[in-house]
Amino acid sequence: MITAFIFRALDRNTYIVLGLLLAVGILLPLLSLTDPSFPLHVPTYVIALIGKYLCYALLALSVDLVWGYCGILSLGHAAFFALGGYAMGMYLMRQIGARGVYANPILPDFMVFLNWNELPWFWYGFDHFWFAAIMIIAVPGLLAFVFGWFAFRSRVTGVYLSIITQAMTYALLLAFFRNDMGFGGNNGLTDFKDILGFNIQAPATRGVLFFASALALALGFLICRAVIASKFGKVLIAVRDAESRTRFIGYRVEGYKLVVFVLSAMMAGVAGSLYVPQIGIINPGEFAPANSIEAVIWVAVGGRGTLIGPIVGALLVNFGKTWFTSGVLAEYWLFVLGALFVAVTLFLPKGVVGTLLARAKARPTSTSAPAAVSPIEASIAAEEGA
Amino acid sequence: MTTLRPTKPILAFIIALLAMFALFRPAYGADVHPQVNALGQGDYAALESAITALAATGDPAAAAVLDALSNGDLYVRKSDGAVFKAVRAGDGYALTDLVTGTDAGTAARSDVTKIKVNNKIRGQIRAASGSLTLMNPDPKLRYAAAADVFKSADPAQIPLLDSVIAGEKDTGVKAMLVQARAAAVLKSDMSSDEKVAAVAIIAARGDQDALAILTGAGAAGADPAVKAAADAAAGSIEGQLQLWNGVQNIWYGVSLGSVLLLAAIGLAITFGVMGIINMAHGEMVMLGAYTTYVVQEIIRTSYPGLFDWSLAIALPLAFLVSGGVGVLIERSVIRFLYGRPLETLLATWGISLILQQAVRTYFGPNNREVGNPSWMSGTFDLGHLAITYNRMWIVVFALGVFAVLMLVLKRTPFGLQTRAVTQNRPMASSMGIRTPYVDALTFGLGSGIAGIAGVALSQIDNVSPNLGQNYIIDSFMVVVFGGVGNLWGTLVGAFTLGIANKFLEPYAGAVLAKILVLVFIILFIQKRPRGLFALKGRSVEA
Amino acid sequence: MFKRVGRTLGALATAALIGAGVTGAHAADDTIKVGILHSLSGTMAISETTLKDTVLFLIDEQNKKGGVLGKKLEAVVVDPASNWPLFAEKARELISQDKVSVVFGCWTSVSRKSVLPVFKELDSILFYPVQYEGEESERNVFYTGAAPNQQAIPAVDYLMSDEGGAVKRWVLEGTDYVYPRTTNKILEAYLKSKGVAAEDIMVNYTPFGFSDWQTEVASIKKFGSAGKKTAVVSTVNGDANVPFYKELGNQGIKAEDIPVVAFSVGEEELAGIDTAPLVGHLAAWNYFQSIDTPENEDFIKKWHAFIKNDKRTTNDPMEATYIGFNAWVQAVTKAGTTDPDKVIDALIGVSVPNLTGGFSTVMPNHHITKPVYIGEIQDNGQLDVVWQTPGLVVGDEWSDYLPDSKDLISDWRAPLSCGNFNVATGKCGGS
Amino acid sequence: MTATHVETSSPAAREKASREKAKNSLLYLDGVSVSFDGFKALRSLSLVIEPGEMRAIIGPNGAGKTTMMDVITGKTKPDEGDVYFAGDTDLTRMDEASIASLGIGRKFQKPTVFESHTVWNNIDLALAGVRGPFATLFHRTSLRETARIEEILDIIRLADKKEWLAANLSHGQKQWLEIGMLLAQEPQLLLVDEPVAGMTDAETRETAALLREIAKTKSVVVVEHDMSFVRELDVKVTVLHQGSVLSEGTLDAVSADPTVIEVYLGR
């Protein structure tokens, strides 16, 4: 059943994307291990940078799955991303063992100097990778489940949902800032030494982490593709386009929203967990509502309702950010980002990829005329107009 | 204060004696220049004794000299060690002779050194000049002096107080003096009957200060009768203060609520009435605050006399600036996005980034100073509740803005058109209402109100490019909690959240209180997705 | 058309690679590059922008003197945008792509923690100019701001002294993050060691950017009216200070009654408030603009000329940057190279003039010696020194008042070369 | 047959009587009231639909037609009153999805189809069968289902446009597609809200024929303004006014009813 489910997703385009991602995932780390004099040598800096972009791309993909395909504009996905990151961070903290500055075999440094006497219960188990791996998926999934179960059942939709997801991540931001929470307060978790026994800063480990990110993105893409290609995916789009209609033909919409929201949260959690070892720190700043909104703009730039769009958007915007925040342009970054938000919503409502796709579609097909209104807009308008 | 440093009682005693002399109006004549100049010699310890000596002369100029010293206006001329009052004039200082009050020429910056004071010296000066001004003709000053004496509670001053009380006509000042005397009595070694009487006087105050004095009086080692009386009085005050604590929480909640209301009320129009998720709302508030700053800067440099009017002048300007920017945003961006609220969210978020960075580039990233006009500074007591003027005015102002807005929306043709357009755009347009015009003006109104909220918030918060960011989430919470499209909901929502927050704060701490309120709102929205005062209606099915 | 998108994606990736590779390759040899890693946008821009300008100013001054080792200095400015992971990314960019020899940067502890692994991995030098909670000593970092014992403890000593008002009762008011938490832990232990009873210490925390201080100020007032002299030790951070002081002023808490001594409030922060009601409240720093020395006067004059605004204030982190910059210049001159390993070794023991008329020396623990000043807020927004430590204070990275760090010392000289040597076990902790 | 309000003193007895009445009907509404902020949209509305019956409901704007549909389909919960389906299923305790699964299909006044899906997928989604999220995730369309979709596409005359996006259909085609989706649900009862609004005369006639065809096997409730269309349907008519039933009978009979005339023509 699962294989059939996945198999259905495999069309030619999916092969291309998967192939490309895996090629990048294997080739770049290999090239980074070459001698710097080698003409195709890739500096570690680039690996670290693109590794981060890949994690962001996976986050964008997860946002797109709920927003682009189901019409749920979540402004709280940074929370799931950060929770996944924290789960990984906790594992990495426990791996430090007695090599912390205070040489305490059990307690992480920040607990030592704040006079904690024993490990809080919620840190138990994180010394095992398998446990952390489960938590990376389970914690964001559980939060999404609880939150979604209440919200979707009470039919909180549209802007209300966006605003309370924002409130959710904001509340978590404040909570994780508290030192009493036992997650290192605003400094977060850092100073990681190794992962699964390998030095986390070794070029080879970096390469593997990079590959893992590319692989996770490829898998995320494949899963999204399979979901979209299934009847489930059709129902999602149906919910996005006309929620009431879907209810009146007998689909329990809240169930669908819940499943896709939880799936998306889990993907975001995985993205966060791969992000943390590559960046080397996780702190409450990752919960900031602004981060969620930025992830949404990646999707909007790339094109929501397409699966390539969010990946392209995340890469484009973050490349722009890297480029703009260096040198003389530094002061203008926020102008550019702000203008991008405005321009995309005004002139490119379908995003870069969406626009390209629409143009490509308009040319060869004769059976269908191009849609006058973007269905997404129509559905959102219908949703909000009610 | 249980441990008295040696200088103080001596000083007070001398002052007391001199003050009694003062009642008999003896003639002065001695030149106090040496005593004044002594202030400029040596370290803090030397300064302390110099102050004592100066006060001991009882010269009428002494109070003014001490006042200037406390304000940090006294300078020593390096060449001859003479002490002057100096004010900045050009590159140097203009000097004034302290005794004669005559102009004493100027000095270059490097020629004079400031006489530094610290808190301890300031306290000493306050006690000294408190005693010196107990006979000032101005009852307000006398009252303040009596309050200072009450705080210092020095037994050595009892004789002085006795004589002053006898001559005092003003009942308010007199009551204060009596309390000051009682406080001093409790510190003295007078009879226990006297002390029990003093306990009763202090207990009548019933406030935190009284409690502190009574706790001190009831400390171990006190006379059993005094201790019993003090403990009983302290107990009853504590009970009363507990009650006042609740009142205080409500007031703080109302005050926080008024800030939330101000921040949210513009949003209640742009979001609540028009359905635009204006993430740049906070920046409209910020622009209002910066307008206040600019107005004050101009007033400071050109028309210093108008400073107390600065907020009144800033109000209409802030409304125009923020409103104008709002209209501009509406015309250039938002009008293309009607019916797509989620898109307005993204676009206005972009605008908010641009506005923030624009302000940061133009004004710099630092906080800007916005002063409180005199009528917004200070505190007054209502029972045992200390109400600060700025908070009070902000509550009044928030309610005023709310009332005016209600009037505009309910009683003017513009309000009627706004409601018509937001309820049924095509119908309104076919009835001859110029909907684009109304849209722009409504958005401008919402933004303008955010701007005047900025004027008020500049009085209690930072004026920095980030100002708006601190309010945006709270504002949305208030509007959503209160019920979108319902201004009364916003009013009730703001005060409910404010009071809830302030009641939680003492128990949970500020951080947890805020988290709890957020969680509460999230849960509440699940229960009532359309907020407190949502309009029920037949679902218009798509 | 998917193919087309795929191709675009590929092209982008290639462009990114080439872009990165090309700019990285042409690191010029005729200049020495200096990285500046301070936020120019976002919430921290308020504090950090000034430091960026300071480094640019110092580089300009140095180049007027002919640069270092016969080469001109060239600034590379990046904007980590108050975003902690971006700090790490930018640090990596500065070191491996721009090939800077040294980086001046960071303000918050978390930004420093975020870039630490990068500096360790790529072996470069970071000068960190801000007062912080201590409990850290890294080979690649030089801490020119104050450690807790160079700010907090002298401030408390002053307040406990007769001259400071003989304070008996303490409110430790802070923003809820690591610096206040640690500082308050240290202070609590210190106060208790001085015989202060537990019920005479009140600790309270508020969130970042907190603006409604009514309840907190009221409870300070209440705590302070118990008949004992009370003081507030404030580790309130950033933007929250202005509303805090405004509320103090409005509720009529005067410095003579309950003085507030702050560790995060300097000239820059005071520029945003009407300080008239705050006169007499205190701040503890290692530098004040008002300090009257020829060095300082000269520095301020040149700074004003550079920034073309004679209203701009100077502050403690600027002085820390100044000390760090000059120490680095001297160490490079001494080592005759910008090679990080050699410069790190050369830095220890370097002694450079500070702006308060003395010298600051880089110690083996990578912290520096500093005088500690207590200043009183004046009505012109400046701080006047009312007290200072008799001599220089050596930055203590591992606090003596925390049970787990009192046995640790740091010495980066060979042969010990350890940032957390445990004198009790005789072992270098960590890796 | 006019549905009369059941007058019995005790609630238990009333409920029993109500159930008795409901037992033989397909849809049974008794004493249903709904109010919004003081406005009474339905006042003690009672209505019975027999199995296999087609009923037209007319009434001026604000008569409560759409609210009645909302109540039947679970969108709105009545303040009071009973709603039973197929004898003993209490609809007031169920949500839209379960009511739809019971076999009640609803067509909206404004045609609502899934615009970014193809015509084929629209029908496929509505097809009776799997509804749960996990079931749909792994569901594969069977041959039998394909055949049924083709069949319905023929009925609604959209077979040649099955690959079109629904967004690109004309207004009338969308109306039909929506009816097709209703058919695919295999409902026992169809609620059709103004099916011919905005249609040409030819389309109207075809739609009437289509509905009559459907009514052979299912119960249908049609809400309509268009009198000629109602006449074309030739079924019993219920007139709603101000939230309750004003008159019931053949079109001719209700047209002659003086109260109806008064409501429609005014005094």
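A residue counts as buried under 20% relative accessible area, as exposed over 50%, and as partly exposed in between. The model on screen is predicted. The stops below begin with single residues and then move to whole chains.

**Stop 1: chain D, residue 234.** Select D:Asp234, in the loop that runs between helix H9 (227–233) and strand E9 (236–241) of chain D. Its relative accessibility is 64%, so D:Asp234 counts as exposed. Check the backbone too: phi is positive here, about 60°, although D:Asp234 is not a glycine.

**Stop 2: chain C, residue 81.** Another positive phi, about 55°, is found at C:Ala81, again not a glycine. Select the loop between strand E2 (72–78) and helix H3 (84–97) of chain C to find C:Ala81. Is C:Ala81 buried or exposed? With a relative accessible area of 15%, C:Ala81 is buried.

**Stop 3: chain C, residues 414 and 415.** Stay in chain C and show the backbone from C:Ala414 to C:Pro415. The peptide bond joining them is cis, with omega near 5°. C:Pro415 sits in the loop between strand E17 (408–411) and strand E18 (418–422).

**Stop 4: chain B, residue 474.** Select helix H19 of chain B, residues 469–482, which contains B:Asp474. The relative accessible area of B:Asp474 is 17%, so this residue is buried. Which residues does B:Asp474 contact, leaving aside its neighbours within four places in sequence? They are B:Leu260 and B:Lys514.

**Stop 5: chain B, residue 167.** Helix H7 of chain B covers residues 158–167 and includes B:Gly167. B:Gly167 has a relative accessible area of 49% and is therefore partly exposed.

**Stop 6: where chain C meets chain B.** Show both chains and select the residues in contact: 54 residues of chain C and 52 residues of chain B. The area buried between the two chains is about 4200 Å², with 42% of it from carbon and sulfur atoms. Highlight C:Gln214, C:Asn250 and C:Glu256, which supply 15% of the area that chain C buries against chain B, more than any other three residues.

**Stop 7: chain C as a whole.** Colour chain C by secondary structure to see twelve helices and 19 strands. Its radius of gyration is 23 Å, close to the 22 Å that the globule rule gives for 431 residues, so chain C is as compact as a globular protein of that length. The C-alpha trace spans about 75 × 60 × 45 Å along the principal axes of chain C. Of the 431 residues in chain C, 68% are buried. Colour by charge next: the mean positions of the 39 positive and 54 negative charges of chain C lie 5 Å apart.

**Stop 8: chain A as a whole.** Chain A has 16 helices and four strands. Its radius of gyration, 21 Å, agrees with the value near 21 Å that a compact globule of 386 residues would have. Along the principal axes, the C-alpha atoms of chain A fill a box of roughly 70 × 55 × 50 Å. Buried residues account for 65% of the 386 residues in chain A. Finish with the charges of chain A, 24 positive and 18 negative, whose mean positions are 12 Å apart.

Key
Residues numbered from 1 in each chain as written. Chains lettered and ligands numbered in written order. Predicted model: local features only at pLDDT ≥ 70, side-chain atom pairs only at ≥ 80, totals over all residues. Heavy atoms only, no water. Helix = DSSP H or I, 4+ residues; strand = E, 2+ residues; numbered from the N terminus. Rg over C-alpha atoms; globule rule 2.2 N^0.38 Å. Buried < 20%, exposed > 50% of the residue type's maximum accessible area, 1.4 Å probe, protein only. Lys, Arg positive; Asp, Glu negative; His and termini not counted. Charge placed at Lys NZ, Arg CZ, Asp CG, Glu CD. Contact = heavy atoms within 4.5 Å. Buried area = accessible area lost by both parts, 1.4 Å probe.
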